[in-house]
Amino acid sequence: MGKWAIGCGAALLVVALVVGMAVAGGYNSLVGLDQAVQAQWGQVENVYQRRADLIPNLVETVKGAAAFEKDTFVAVAEARARVGQAAGQNAPNDPAAFEKFQQAQDGLSSALSRLMVVVEKYPDLKATANFRDLQAQLEGTENRITVERMRFNEKAQAFNTRRQSFPTVLIAGFFGDRFREKVYFKAQAGADTAPKVSF
C-alpha cells in the first residue's frame, strides 16, 4: 500500500508539473503577443501624431491663400482637438476607447479632405513649393498610417487567435481583463460606397 501511495503521489506531482508548465507557457505566450500588440499600437499613435503635427503648418500655408475659407479651418482645428482628447493609452484593450479614437481620427481625415477640396480652388497655392512639400509629407504619412494600421490588425489577429485557442482560452479567462480580446481597425464609414464622379 505504501508503494502505491508513493506512486500516486509521484504521478500527481508529474501531472501538476505538466499542468503548471502548460499554464506558464500559455500565460507567457499571451504576454508576448500582448506586448507585440502594445508596441504596434505605439507605432499607430506615432504616425497619427506625425499627421497631427503637420496640420498646423498646412493650415497656415493654406490660410494665406484662402483667407475666406474660415469654416474649413475651424473644422480642421476642431477635428485635431478631438484627436488629442481621444488619444487612448489603453485603446487596444478597450473597445469603447478604440472606437472613440478611430472616430476622432476619421473625423480628422474628413476635415483634411475638405481642406484639400478648398485648395483646388487656389491654383497659385498648389504651385508653391512649401504647400507641395507639406502635401507630399501628408500623403506619405497617410500611407504610413495605412501600413501601421494593417500591421496592428495582424498583431491583434495573432493575439486573438492564440487567446481563443484551447487551453489558452481557459488561462486568459482566469486572468480576467488582463488578456481581453483586441479590437481591429475597420474601414471608415462609407468607404464601401464608390465616390460619384460627374462631368
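**A buried arginine and its surroundings**

User: Is R163 buried or exposed, and which side chain of opposite charge is nearest?

Analyst: R163 is buried yet makes no salt bridge, and its nearest oppositely charged side chain, E181, is 4.9 Å away. A salt bridge needs a side-chain nitrogen of Lys or Arg within 4 Å of a carboxyl oxygen of Asp or Glu. Do keep in mind that this is a predicted model.

User: Thanks! Where is R163 found, and which residues is it in contact with?

Analyst: R163 belongs to helix α5. Setting aside neighbours within four places in sequence, R163 contacts L30, T168, V169, A172, F179, R180 and E181.

User: Now the nonpolar cores. Which residues of the largest one touch the most other members?

Analyst: A nonpolar core links buried residues through side-chain atoms within 4.5 Å. Here the largest has 23 residues, and L58, V62, L112, L115 and F131 touch the most other members. At least two residues each come from α1 (2-65), α2 (70-85), α3 (95-120) and α5 (129-164). Helix α3 gives the largest share, eight residues.

User: What does L112 touch?

Analyst: Not counting residues up to four places away in sequence, L112 touches R51, I55, L58, V76, L138 and E142. There is also a second, separate core of 17 residues, with W41, A91, F101 and F179 among them.

User: And on the surface, which residues form a nonpolar patch?

Analyst: V15, V19 and V23 do, with about 230 Å² of accessible area together. V15 sits in helix α1.

Terms used:
Residues are numbered from 1 along each chain as its sequence is written. This is a predicted model: local features need pLDDT of at least 70, side-chain atom pairs count only at pLDDT 80 or more; totals for chains, interfaces and linings use all residues. Side-chain values use heavy atoms; hydrogens and water are left out. Buried means under 20% relative accessible area, exposed over 50%, partly exposed in between (1.4 Å probe, protein chains only). Helices (H or I, at least four residues) and strands (E, at least two) are DSSP runs, numbered from the N terminus. Contact means heavy atoms within 4.5 Å. Lys and Arg count as positive and Asp and Glu as negative; His and the chain ends are not counted. Patches are made of residues with over 30% relative accessible area and no salt bridge: like charges are joined within 9 Å, nonpolar side chains (Val, Leu, Ile, Met, Phe, Trp, Tyr) within 5 Å. Accessible areas come from the Shrake-Rupley method with a 1.4 Å probe; for residues, only the protein chains shown count as cover.
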